[in-house]
Amino acid sequence: IKASVMDGDKFADEHAELREMSMAQSAFEKLQEERKSLPMYRYRDELLDAIEKYQVLVIVGETGSGKTTQIPQYLHEAGYTKRGKVGCTQPRRVAAMSVAARVSQEMGVKLGHEVGYSIRFEDCTSDKTVLKYMTDGMLLREFLGEPDLASYSVVMVDEAHERTLSTDILFGLVKDIARFRPDLKLLISSATLDAEKFSDYFDSAPIFKIPGRRYPVEIHYTKAPEADYLDAAIVTALQIHVTQSPGDILVFLTGQEEIETAEEIMKHRIRGLGTKIAELIICPIYANLPTELQAKIFEPTPEGARKVVLATNIAETSLTIDGIKYVIDPGFCKMKSYNPRTGMESLLVTPISKASANQRAGRSGRTGPGKCFRLYTAYNYYNDLDDNTVPEIQRTNLANVVLMLKSLGIHDLLHFDFMDPPPSEALLKALELLFALSALNKLGELTKVGRRMAEFPLDPMLSKMIVASEKYKCSDDIISIAAMLSIGNSIFYRPKDKQVHADNARMNFHAGNVGDHIALLKVYSSWKETNYSTQWCYENYIQVRSMKRARDTRDQLEGLLERVEIELIANPNDLEAIKKSITSGFFPHSARLQKNGSYRTVKHPQTVHIHPSSGLAQVLPRWVVYHELVLTSKEYMRQVTELKPEWLVEIAPHYYQLKDVEDSSTKKMPRGQGRAS
Ligand code: ADP
Ligand code: MG
């Protein structure tokens, strides 16, 4: 009996397997049909010929024509991967992951095998990987280990028009290695027509244009400026849903919080519309959206329903969602801005450029005629919007990039082959900061500290904090803090109906006014003590997903500590040691309390405030060190820890003099103290 049961099982198994295979087969065939229907497909052979013939090729094609998903596959089919990997860079992590997932499906292989992706703190590749999608920042880091990219046969710098900082630096580096690696093929691909600029930069490289098919798009403007673009966007989306013919809607918003708010309000208002209205499926997409949910935006909309995608800029050119017929464009995006004089960086909601507005509108006309609703006036469009977005290199802190270039042995930064050079003040500011952090010596050469810092894929101040933890014998605690800080502000969960409970739970970690950094450490260690319990996260209003990401990040930092030969030492009870390590990295971010409860930054005096979410918001210590500034209604310091002013002079004597940190409180100290160093 047993034997026959087993046989029966086996039969059933085989049967299921066969059925699965034939289903997989038809899905696979369908994907192959889809591949052939992309505009790119007709130019496959011509493109391969051009790549064969020229070392560097600029490729231009409308978003959605198949550049990112198809070209690497063509190269694989043509045998390029026999000589080395094909690497394809993306400015955004979600794009790298999602595109790699799609290509692995199209090739019928498991993600992480032949097709993989690599983003910061997450490497989904293996020895088998021949098509590697990665963020531009990751390829930049690969230069540190492999300065000639010997393991690659082709590098495709994709989404070149985005002009991110990393992409701009990559341009200079790949152009350089192409000279002594004639076998390396270089593809620069872009969705916009400013290809001439790329061609000029790459010594007049030929331009391969893939003729786009774009249907007409009707542009609608508002008659008067909108006071509240978020509300206007929601109202417009619902109006489209109720009055317009079938077709999905794409709304461009500026970030995760805004998208979550919009989703909540929309759900609420849909309920108010009653049951006669067709189903409206809301799909958010932003950088930190969990992977499982990312796939949802690509699922076909069921018959009779309508999909509304709430997206950040990621849907402008990086991701193409089929079926979009209506675009709502409030005209804003979140953009970094940097003041090289003060060294302050902030993320601001900023009007987009005309080029962006046109890309956004174009998303509605991909598969048929579309409509774009601009929530600003025609006058605004023509008179107020810049033609193009300023490349990131001209509006950001360069310390990270300068440290990277120095570690690659590139010393003469002023003469680096930039496509558009950064402001020289910003370069000087970066050199100054790296010098202050002891990453560079007076001659601008990399020090041992700097070499160690460069191993960490983090901002220099965070890397310095980690390297300094060796001295204070608390590296174990510090990498937990660094990992938690890298996750951003999605650790604590604060549902609207349980805010009091959530705030109480959060305050437990702040007992003793230890400051936000140490509170983060406590969250991490408590979670670890429960053996990474999900239940514990629920009970404490902690987002388990963020914690898992922190754990992965921490694991990688632990590996890097070993690489730079820093011993892993836990010292959780010596708060002073931990705070001194933090100060060693963040001393340029120190601030002192004013009489009115605001703070003044010490080096470049500016008025700032403790963010209301900080555990120290009610405590107001005299001196603090902060992780970052965010500008909302005021300039806020986020993640704040108390420090003793004499530490500044002790830790950074080249940066702070006694007079900087003397105030009534230090004067009250017994003579000699704080003056000792
Ligand atoms: P381009 O790089 O030229 O903008 P892509 O290669 O990204 O074009 O996209 C080609 C096609 O593949 C598009 O129709 C897009 O909808 C589809 N596609 C890309 N990524 C995914 C995905 N993750 N899931 C489903 N379809 C996808
Ligand atoms: Mg693309």
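The shell around ligand 1 comprises, by class, 4 nonpolar, 10 polar and 3 charged residues, where Ala, Val, Leu, Ile, Met, Phe, Trp, Tyr, Cys and Pro count as nonpolar, Asp, Glu, Lys and Arg as charged, and the others, Gly among them, as polar. The model is a predicted one, in which local features need pLDDT of at least 70 and side-chain atom pairs count only at pLDDT 80 or more, whereas totals for chains, interfaces and linings use all residues. Residues are numbered from 1 along each chain as its sequence is written, and chains are lettered from A and ligands numbered from 1 in the order in which they are written. Of the 17 residues around ligand 1, those that come nearest are Lys67, Thr68, Thr69, Arg102 and Phe298, a residue being near a molecule or strand if its C-beta atom, placed from the backbone, lies within 6 Å of it. Helix 3 (67-77) and helix 4 (93-107) are the elements that give two or more residues to this shell; helices (H or I, at least four residues) and strands (E, at least two) are DSSP runs, numbered from the N terminus.

An open sheet is formed by 8 strands in the order 4-3-5-2-6-7-1-8, with mixed pairing, two strands being paired if DSSP finds at least two bridges between them. Because strand 4 (122-124) and strand 8 (207-210) stand at the edges with a single partner strand each, one side of each is left without a neighbour in the sheet. The twist from one strand to the next averages 20°, with axes taken as lines fitted to C-alpha atoms, for helices over the stretch in contact, and angles running from 0 to 180 degrees between N-to-C directions. Within this sheet, strand 1 (residues 56-61) pairs with strand 7 (residues 185-190) in the parallel sense over 5 bridges, and Leu57 has Leu187 of strand 7 as its bridge partner. Helix 5 (residues 136-145) packs on the sheet, where it touches strand 2 (85-90), strand 3 (115-119) and strand 5 (131-135), and its direction makes about 105° with that of strand 5; contact between two residues requires that their C-beta atoms, placed from the backbone, lie within 7 Å.

The contact involves Leu230, Ala233, Ile234, Ala237 and Leu238 of helix 8 together with Glu258, Thr261, Ala262, Ile265, Met266 and Arg269 of helix 9, and its residues divide into 8 nonpolar, 1 polar and 2 charged.

Helix 14 (residues 399-407) and helix 15 (residues 424-436) pack at an angle of about 75° with their axes 8 Å apart, so that helix 14 is roughly perpendicular to helix 15. Here Ala399, Val402 and Leu403 of helix 14 meet Leu427, Ala430, Leu431, Leu433 and Leu434 of helix 15, a contact with 8 nonpolar, no polar and no charged residues.

For helix 17 (residues 460-468) and helix 23 (residues 575-586), the axes come within 7 Å and cross at roughly 140°, which makes helix 17 oblique to helix 23. This contact is made by Met461, Leu462, Lys464, Met465 and Ala468 of helix 17 and by Ser581, Ile582, Ser584, Gly585 and Phe586 of helix 23, and by class it has 6 nonpolar, 3 polar and 1 charged residues.

A barrel is closed by 5 strands in the order 17-18-19-21-20, again with mixed pairing, and neighbouring strands of this sheet are turned by 50° against each other on average, direction ignored. Strand 20 (residues 623-631) pairs with strand 21 (residues 635-642) in the antiparallel sense over 7 bridges, and Val624 stands opposite Glu642 of strand 21.

Technical notes: Parallel < 35°, antiparallel > 145°, perpendicular 65-115°, else oblique.
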